[in-house]
Amino acid sequence: MLDFKIEFPRLKTPIALIIDDPAPYVNHLYYLRKYLNPKYPAYYEEFKTIPNDFLEDFISIIKKWPVKGKFSVVPNPAGQGYLDRGLEGYPEEGVRQWIELVKKEVAPLFDITPEMITHTNAIDLETGELLPMHEQTWASQQTAETLTPYIARALETLKNIGFETNGVTSPGAFGREVEAEYAKAVLNAVEKVYGAKFAWYFLKVDPCSHVVYPRLVYLDKYESKGVVSIVSGNDDVIWDTMTPESRRNWNERKLLEYADYYITDDGKAGRLVELLNAGSYIVFHTHWNSLWSNDARHGLAVMEEVLKRINTLINDKILWMKLNEIACYYAASKTLDIHVDKSPRRLRLFIDNRFPCPDLTVSFNCDFKASGVYLSKGSFRSGWKEAKISETIMELEESSDNLHPNTWLQKEKRLFICFDNRLGNTIEVETA
């Protein structure tokens, strides 16, 4: 039996860090308490502004320790102005510098997404006036038709300041009650603004399950359209570092205890290790305010320790990926069709994938010793006896241990192949 399987990319566990809520200057928690809910904790209003130098501190850490993931840029933070027009009461030059820093230093490592428009009050797109309800409350009563222009406005703002994305982040539980409509609206908005047919969003958190996977929530295979929901697998425990009590009692021991929640200093326990050992994707999230800790920056220190432990203790088992890369890979893994031709001297696999991606890694039983593996462009349709090759792209390199892009290795009678599915869709294996 062939026993064809789609493996994790390069046989490593995908991992990504999600950063929610960033924007130049504006502390949206201040406006949440002031405009929407005075019952929120008093420390929400302790600071109106998050200084731009905090972004520089964050950048120094992500440049020091390998990391990829998603980073939000709120298009009109707390309704203080669209970023492509300027923020009311904040220096234009400072806003521009913050955006340019994100472009230069953050965007190469993180997908940049809107977190809808304000992350506080919903906004009337026609008048620009803030509505007396949170965006997530407004979204809970909407349809795909009314959500699409709202999400599109968020995407257009980011496009105007130089960002390109096919994903969005939900502020709070934005879209949860109408998720089917929300998924369609995300795809519609991404297609309208960027012309993309594949989209993803971050909405849900599951800190309890032993296995947390993304979810393919919409698929039109014939039009090559799809939407993936990315799910985070942790609690944002460092949110508590904002509280006055936490800041008063802060010490090295507390920093290490927070880090232990994610991964212990021996790499054998912690929520992220639990997900790793269970064969799960590792997607974990935190918030800009959690890292900033009301200017104590204790959360950022915790995250630096977490990234240090990840990259020194389990680095050989993981592959850092942006959320778009994870979403595309997951969609591919759920929608592949294959056709297999076999002869005494050759095995050929035509792999029909509507969502081509790099590092597509597959494995299957192979009852002969392979002498060469080739990536080709091919075609196949019902009624043909075998796939037809139009062009050979490359010979893949044999590896003796770990898989790298466009390589293969054979372990006993099982063949593992990692290839760029954007370049070719047919694998040809020759016998020794």
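Let's start with helix α5, residues 144-160. It has 17 residues and reaches 24 Å from its first C-alpha to its last. That is close to the 24 Å expected at 1.5 Å a residue, where the expected span is 1.5 Å times one less than the number of residues. Helices here are DSSP runs of H or I, at least four residues, and strands are runs of E, at least two, numbered from the N terminus.

A word on the source. This is a predicted model: local features need pLDDT of at least 70, side-chain atom pairs count only at pLDDT 80 or more, and totals for chains, interfaces and linings use all residues. Residues are numbered from 1 along each chain as its sequence is written, and side-chain values use heavy atoms, with hydrogens and water left out.

Back to α5. Its buried residues are Ala144, Leu147, Thr148, Tyr150, Ile151, Ala152, Ala154, Leu155, Thr157 and Leu158. Buried means under 20% relative accessible area, exposed over 50%, and partly exposed in between, with a 1.4 Å probe and protein chains only. What covers them? The cover includes β6 (110-113), β7 (121-123), α4 (135-139), β9 (167-169) and α6. After α5 comes Gly162, with a positive phi near 105°.

Next, the cores. A nonpolar core is a set of buried Ala, Val, Leu, Ile, Met, Phe, Trp, Tyr and Cys residues joined through side-chain atoms within 4.5 Å. The largest has 91 residues. Phe58, Phe71, Ile151, Tyr182, Phe284, Val306 and Ile310 touch the most other members. Helix α6 (residues 179-194) gives this core its largest share, nine residues. Apart from it lies another core, of 41 residues, including Cys328 and Tyr329.

Take Phe71. Contact means heavy atoms within 4.5 Å. Beyond four places in sequence, the contacts of Phe71 include Phe58, Trp98, Phe110 and Trp288.

Now Val228, in strand β12 (residues 225-232). Why does Val228 count as buried? Because its relative accessibility is 0%. Not counting residues up to four places away, Val228 touches, among others, Trp200, Tyr201, Arg215 and Ala331. Its C-alpha is 33 Å from that of Asp265, 37 residues apart along the chain.

Now the empty space. Rolling a probe the size of a water molecule over the atoms shows where such space is left. We use a 1 Å grid over the protein atoms alone. A cavity is a set of points where a 1.4 Å probe fits but cannot get out. A pocket is an open set with protein on both sides within 12 Å along at least five of seven lines. Lining residues have an atom within 4 Å of a point. Grid points are joined across faces, edges and corners, and a volume is the space filled by probe spheres set on the points.

How many cavities of 30 Å³ or more are there? The count comes to one. The lining of the largest cavity has nine nonpolar, no polar and no charged residues. Among them are Leu17, Phe58 and Met303.

The largest pocket holds about 530 Å³. Of its 25 lining residues, Met321, Asn324, Glu325, Cys357 and Pro358 are closest to its centre. Helix α12 gives the most to this lining, with four residues.

The second largest pocket has a volume of about 370 Å³. It is lined by 19 residues, with Asp21, His119, Gly172, Trp239 and His287 nearest its centre.

Notes:
Ala, Val, Leu, Ile, Met, Phe, Trp, Tyr, Cys and Pro count as nonpolar, Asp, Glu, Lys and Arg as charged, and the others, Gly among them, as polar.
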